[in-house]
Amino acid sequence: MFRDQVVEQQLVALADYLSGRRDAILRNWREAVTADPRLTAASSLSRSQFNDHIPEVLDAFERALRSHGRAEKAEASADQRQSASEHGTHRWQQGYDQKEVMCEWAHLQRCLVNELEHYESTRADLAAGVMTAARRALTDLCSEGVIESATRYARLQQVEASGRLRDLEQALAQINELEQQRALLWREAAHDLRGSLGVVQTAAYGLDKDGMPETTRAKFLLRLKKGVGSLHALLTDLTDLARIEAGHEQRRMSAFDVAAVLQTVCGNFQELALQRQLFLKTEGPSELIVEGDAIKVARIAQNLLTNALMYTERGGVKVAWSLENESPVTRWALLVQDTGPGFDSSQVNPIARVLKQATDEAQEVEDNTLPTHNAENHDPAPTLASLSPHQPLHAPLREGIGLTIVKRLCEILDASMELQTSPGEGTTFRISFPIRY
């Protein structure tokens, strides 16, 4: 019994040592990740964004070392799993692929192993079993971290897939509706063609008007044209997404003026905005030279603008670009803000829902870990006041696929993606890109 008490006391002392070494552990972890040539996304994150939920994981690890009973150890393990799961969510949001997430966990484990080895080498009075128990707890920590992060990441990919399924179902419903309209047209034409006229007269009448009033026929043709256009855009998006997920899209890096690229993109959308009686404004420096893939940045802006204009019924859309307010400046941001109805989590595509949740949780972590005067503090993206009805008439076709394409392009470009919205406040997407790679 005495030996067990000594082991428990020395495990508490080890937990105190690790707590005092917290800043050094996190610093060594980031240096190891930054030096790994396989990992590119981490180098452009702020300190708080990089650390994410890992301090909470380490808190749970220290509680596990200090715990004396099965219930306390189980509670610490549950905290570890929850924090690791949320870490996986935010790495997904920040543009990591799953391999990068797993490599980060491996580097964290090595850093903690080094700390345990150093502690053991400087303590000659350690009781037998102390370091065995500590290594077992470390193994549990990292294995649970890898499993929970991978599980959450896989679930988010399933969410993206369900969004694409929803869009395909909408497309199928639209096709069925067009078929029903076509059948109605023929039925009404057949009704009008009944009469005492001869075969020639009947055929001539059908060729001329198909038995429909001109206004009704014009409305049907307009609807048919819009439907065909939507289906063509859907097939284009599916093709683009298939190319990205097959690994056929690689980033082609060069220096370019992002202000000029975004001005061109917005200029191409001005006619659509005018047709919908919406404003389309731009805001940002007249020149902003960055390193990146200009074509993929333009595609991200195009997809976000398409969704913003489709969702907004009154008011309009603003596209802004700027250097991010951090020191040193390592990233630039693209904001697409609309005066649409905003939404709550029960009314949106699944990928938008988890993106909003990840954004809110990431902001909460930063608020809790950084003082308000710190230059790395990352304020939420601003939203515009909603000018549209608070209940959207329908979710636009291709929303899920469009956002999935944006998310995949962000992963290729090591860019993070945030979503800020609520009913009555419009919607803002903020994409944060590295200035250099």
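## Salt bridges and a buried glutamate

The side chains of Glu249 and Arg299 pair up in a salt bridge, with an N to O distance of 3.3 Å. Glu249 sits in the loop between helix 9 (214-245) and strand 1 (254-257), while Arg299 belongs to helix 11 (residues 294-311), so this pair ties together parts of the chain that are 50 residues apart in sequence. Keep in mind that this is a predicted model.

**Pairs that link parts of the chain**

- Back to the opening pair for a moment: are Glu249 and Arg299 buried or exposed? Both residues are buried.
- Glu120 and Arg135 also meet through their side chains, in a salt bridge at 2.6 Å, N to O. This pair links distant parts of the chain, with Glu120 in helix 6 (residues 98-122) and Arg135 in helix 7 (residues 130-193), 15 residues apart.
- On the accessibility side, Glu120 is partly exposed at 33% relative accessible area, and Arg135 is partly exposed as well, at 37%.

- Asp36 and Arg38 form a salt bridge through their side chains, at 2.7 Å from N to O.
- Asp36 has a relative accessible area of 9%, so it counts as buried, the cut-off being under 20%.
- Arg38, on the other hand, is partly exposed, with a relative accessible area of 47%.

**A salt-bridge network**

- Which residues are linked in a network of salt bridges? They are Asp16, Arg22, Asp59, Glu62 and Arg66.

**Around Glu411**

- You'll find Glu411 in helix 13 (residues 399-412).
- Its relative accessible area is 16%, so Glu411 falls in the buried class, which takes values under 20%.
- The Glu411 side chain makes a polar contact with the side chain of Lys407, at 2.9 Å.
- What does Glu411 contact once its neighbours within four places in sequence are left aside? The list is Trp92, Gly95, Tyr96 and Tyr153.

Terms used
Residues numbered from 1 in each chain as written. Predicted model: local features only at pLDDT ≥ 70, side-chain atom pairs only at ≥ 80, totals over all residues. Heavy atoms only, no water. Salt bridge = Lys/Arg side-chain N within 4 Å of Asp/Glu carboxyl O. Buried < 20%, exposed > 50% of the residue type's maximum accessible area, 1.4 Å probe, protein only. Helix = DSSP H or I, 4+ residues; strand = E, 2+ residues; numbered from the N terminus. Polar contact = N/O pair within 3.5 Å; in protein donor to acceptor, adjacent residues only side chain to side chain. Contact = heavy atoms within 4.5 Å.
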